Amino acid sequence: MKFLSALASLLMLSAAPVLAQQTPASLQALDETYGYRGARFESDTSVFRDLALAEKAGQTRYYRRKSEPKTLGEGEVADVTYGFYQGKLSVILLKTQGLDNSRAVLAALQQKAGAGTRASVFAQRYAWNGKKVHMSYEENALSNDAVVVVTCKKLKEKEMKQALKFQPTTPTGSSPRRDVLSGQ
């Protein structure tokens, strides 16, 4: 019995340097990556050679990379889309299909950025809020398909401020309900 405990202790000691060399999961790692697979936030579309336009939405253009690897960790990624706000990379969307792929991708995200915050134990929704990057994972309870959204906070704030400039405002003091009820 002493032999087994001594052997276990030796194995633990010999594994310690290997474990110490692994980078711990953290939000700092998320901020340092500042993007996905070499595509760094705030990069101009001209930096990428293999983009194919997928969709336009306001001042954001969404592209797919033709040479995109379709795995993350042990999971298969069904789709990766890169969003460029005013020509700068601002958001990255990853989609998975099925329980095995979704959970494998979630495990890879958690290995890189930590456990994340979870608002409810009943839903597979996680969020990571770094200083420069926000990331979320949301899994559909019926299909177990998931969507991962990685956002550049700086450009998202700029986009929101721009959107607020063009939103119509109602005059102060007037209530649409009161006008409807009074017939005016």
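Start with the largest nonpolar core, which has 31 residues; select Ile 92, Leu 94 and Trp 128, the members that touch the most others. Helix 3 supplies the largest share, five residues. In soluble globular proteins, nonpolar side chains tend to be buried together. Keep in mind during the tour that this is a predicted model.

**Leu 94.** Select Leu 94 and show what surrounds it. Leaving aside residues up to four places away in sequence, Leu 94 touches Tyr 36, Leu 72, Val 77, Asp 79, Val 80, Ala 146, Val 147, Val 148 and Val 150. One of these, Val 148 in strand 11, stands opposite Leu 94.

Seven strands form an open sheet in the order 3-4-7-8-11-10-9, and the pairing is antiparallel. Which strands stand at the edges? They are strand 3 (51–57) and strand 9; each has a single partner strand, so one side of each has no neighbour in the sheet. Direction ignored, neighbouring strands are turned by 20° against each other on average.

**Strands 10 and 11.** Select these two strands together. Their antiparallel pairing extends over seven bridges. Two bridge partners to pick out are Thr 151 for His 134 and Cys 152 for Val 133. In the hairpin that the two strands make, six residues lie between the strands, and Asn 144 takes a positive phi near 65°. Is strand 11 largely enclosed or largely open? Five of its seven residues are buried, so strand 11 is largely enclosed by the rest of the structure.

**Glu 68.** Go to the loop between strand 4 and strand 5 (71–72), where Glu 68 is found. Glu 68 has 9% relative accessibility and therefore counts as buried, the cut-off being under 20%. What does the side chain of Glu 68 join through a polar contact? The partner is the side chain of Tyr 82, at 2.7 Å. Not counting residues up to four places away in sequence, Glu 68 touches Tyr 36, Arg 37, Val 80 and Tyr 82.

**The aromatic rings.** The last stop is a group of rings. Select Phe 48, Tyr 63 and Phe 84, which ring pairs link into a cluster. The centres of the Phe 48 and Phe 84 rings are 5.5 Å apart and their planes lie at 75°, so this pair is edge-to-face. The pair links distant parts of the chain, 36 residues apart: Phe 48 sits in the loop between strand 2 (39–40) and strand 3, and Phe 84 in strand 7. Phe 48 is buried, with a relative accessible area of 13%. Phe 84 is buried too, with a relative accessible area of 1%.

Terms used: Residues are numbered from 1 along each chain as its sequence is written. This is a predicted model: local features need pLDDT of at least 70, side-chain atom pairs count only at pLDDT 80 or more; totals for chains, interfaces and linings use all residues. Side-chain values use heavy atoms; hydrogens and water are left out. A nonpolar core is a set of buried Ala, Val, Leu, Ile, Met, Phe, Trp, Tyr and Cys residues joined through side-chain atoms within 4.5 Å. Buried means under 20% relative accessible area, exposed over 50%, partly exposed in between (1.4 Å probe, protein chains only). Helices (H or I, at least four residues) and strands (E, at least two) are DSSP runs, numbered from the N terminus. Contact means heavy atoms within 4.5 Å. Two strands pair if DSSP finds at least two bridges between them. Axes are lines fitted to C-alpha atoms, for helices over the stretch in contact, and angles run from 0 to 180 degrees between N-to-C directions. A polar contact is a pair of N or O atoms within 3.5 Å; within protein, one must be able to donate a hydrogen and the other to accept it, and residues adjacent in sequence count only if both atoms are side-chain atoms. Rings of Phe, Tyr and Trp (its six-membered ring) pair if their centres lie within 6.5 Å; planes under 30 degrees apart count as stacked, over 60 as edge-to-face and the rest as tilted.
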